[in-house]
Amino acid sequence: MNIFRIASLLVLASPFAGAVIVTLGTSSQTVRFTGDGNGGGVITLGSCSFDGTDTKCVVSGPYTGLGTGGTYEYLLSYPGNGPSIQLGQASSAGSNYLNFLNLTVPGSYITFSLTPTNGAKRTFFQFYSQLSFTTTTCAGVGTCSVAAVGAASGATIAGPVSGLFDVTPKVNSVISAGAYGGLSTIAPGTWIEIYGANLRTIDDVFNQGRIWAGSDFTNNGVQAPTSLGETTVTIGGLSAFVDYVSPTQVNVQVPSGVPAGSQTLVVSTLGGASLAAGVTVAATSPAILAPPVFRLAAGQYAAALFPDATTFVLPPGSLTGIAQRRAKVGDTITFYGIGFGPVTPNINAGLVVQQSNNLSGVQIAFNGVPATIQFAGLVQGLVGLYQFNVVVPNVGVSDSVPVTFRLNGQAASQTLILPVGN
């Protein structure tokens, strides 16, 4: 039931690329701690101890960002009994703001946990953290070391120290599914990828992502979840259907009924709700499966399949590990798509397709020659995925035949090619 699993090659949790950036400020929902910055720049990061293998430093206290109240715990863990390997980067030379850098030493990690009153602990592995000082610090240097277990830093820090940890979700960018072109305009029923920070809580440092399972579906297994790993998303105030969650990426299906125009998107977790990100919604935003791995020297190939559902329409030898061959005139091949709008009979977003249906208004051409479409509609047994069974028309032989799609007379924005041979 996951549109990102048509074939082993076609995993759509694609890397962030070409997205529309949404710049947001930081939330005011933060956890604060104080300490003494005297001593040549040494900052005591809570209570540190060495267990014979690792050093662990903990800062904890009450957290008021939760509706029921609770406690927070900041944990820095790193191998050995030496100085802290967590460094801070001054926001500018002479600045009194110090942002923590990521750890790169194997075996080290930073976590931030929230424990609601009468609830279980939930852990964040990506979050915002910053130290600030009441006097000018790091003057003339670009980097200051944040020390633990008594190690001196490379700059003098004097006066009281205050800091903050912010686990409120932050949305940095929103695109339609990256393997379908990563469009900036979204539509009801289409699939989108949300990138940012603090987008989910997790309990295992090695298990940062989760995809929906059959047990997450309700109503006899046909209703997709609107919450996954304690992450929810609303678009235009309506609940989206959550397919995948990680601290930095969430994939959802846009709910039916979201009006066209400028709308807001909000991600919520146990840590709070993100500031609203603006998104542009259209009635449709059609796109064909064409993952980045199919972008070769000749151009972007569509991920079309032959009827055996395992052989791709590609020039032989283009990619390793998969079956591939050129199409021939008269062959029937299959494309997959998202964002093509309502079918007949209507099937709302968030439902596993249970019935035959069809999509009207679709035109497909090879080098300008119209193709016969044997079927166009939503795939039964899946959520929000369109299938197009197409007969290759009589066109000249080439490894880069242009393939174009139109919906109700409007051309889709992707530039795609396919190989046609003898």
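T334 is found in strand β31, which spans residues 332-338; strands (E, at least two residues) and helices (H or I, at least four) are DSSP runs, numbered from the N terminus. The model is a predicted one, in which local features need pLDDT of at least 70 and side-chain atom pairs count only at pLDDT 80 or more, whereas totals for chains, interfaces and linings use all residues. Residues are numbered from 1 along each chain as its sequence is written, and side-chain values use heavy atoms, with hydrogens and water left out.

T334 has a relative accessible area of 10% and is therefore buried, a class defined by a relative accessible area under 20%, with exposed meaning over 50% and partly exposed in between (1.4 Å probe, protein chains only). The side chain of T334 makes a polar contact of 2.9 Å with that of N389. Such a contact is a pair of N or O atoms within 3.5 Å; within protein, one must be able to donate a hydrogen and the other to accept it, and residues adjacent in sequence count only if both atoms are side-chain atoms. With residues up to four places away in sequence not counted, T334 touches A303, A304, L305, Q387, F388 and N389, contact meaning heavy atoms within 4.5 Å.

Aromatic pairs were assigned to rings of Phe, Tyr and Trp (its six-membered ring) with centres within 6.5 Å; planes under 30 degrees apart count as stacked, over 60 as edge-to-face and the rest as tilted. The count by this rule comes to eight. In the pair of F340 and Y386, the ring centres lie 5.6 Å apart and the planes meet at 55°, so the arrangement is tilted. F340 lies in the loop between β31 and β32 (362-366) and Y386 in strand β35 (residues 386-391), so this pair ties together parts that are 46 residues apart in sequence. F340 also forms a tilted pair with F388, at 4.8 Å centre to centre and 55° between the planes. Because F388 lies in strand β35 and F340 in the loop between β31 and β32, the parts tied together are here 48 residues apart in sequence. F340 is buried at a relative accessible area of 3%, and F388 counts as buried at 0%. One aromatic cluster is formed by F335, F340, Y386, F388 and F405.

Strand β8 (residues 109-116) has six of its eight residues buried, so it is largely enclosed by the rest of the structure. Strand β5 (residues 70-79) runs antiparallel to β8 and is joined to it by eight bridges, where pairing requires at least two bridges found by DSSP. In this pairing, G70 stands opposite P116 of β8. Strand β9 (residues 122-124) pairs with β8 in the antiparallel sense over three bridges, with S113 opposite T123 of β9. The hairpin of β8 and β9 has five residues between the strands, and N118 there takes a positive phi near 60°.

Overall, the protein contains 38 strands and zero helices. Of its 422 residues, 51% are buried. Among contacts between residues at least 6 apart in sequence, 66% join residues at least 24 apart.
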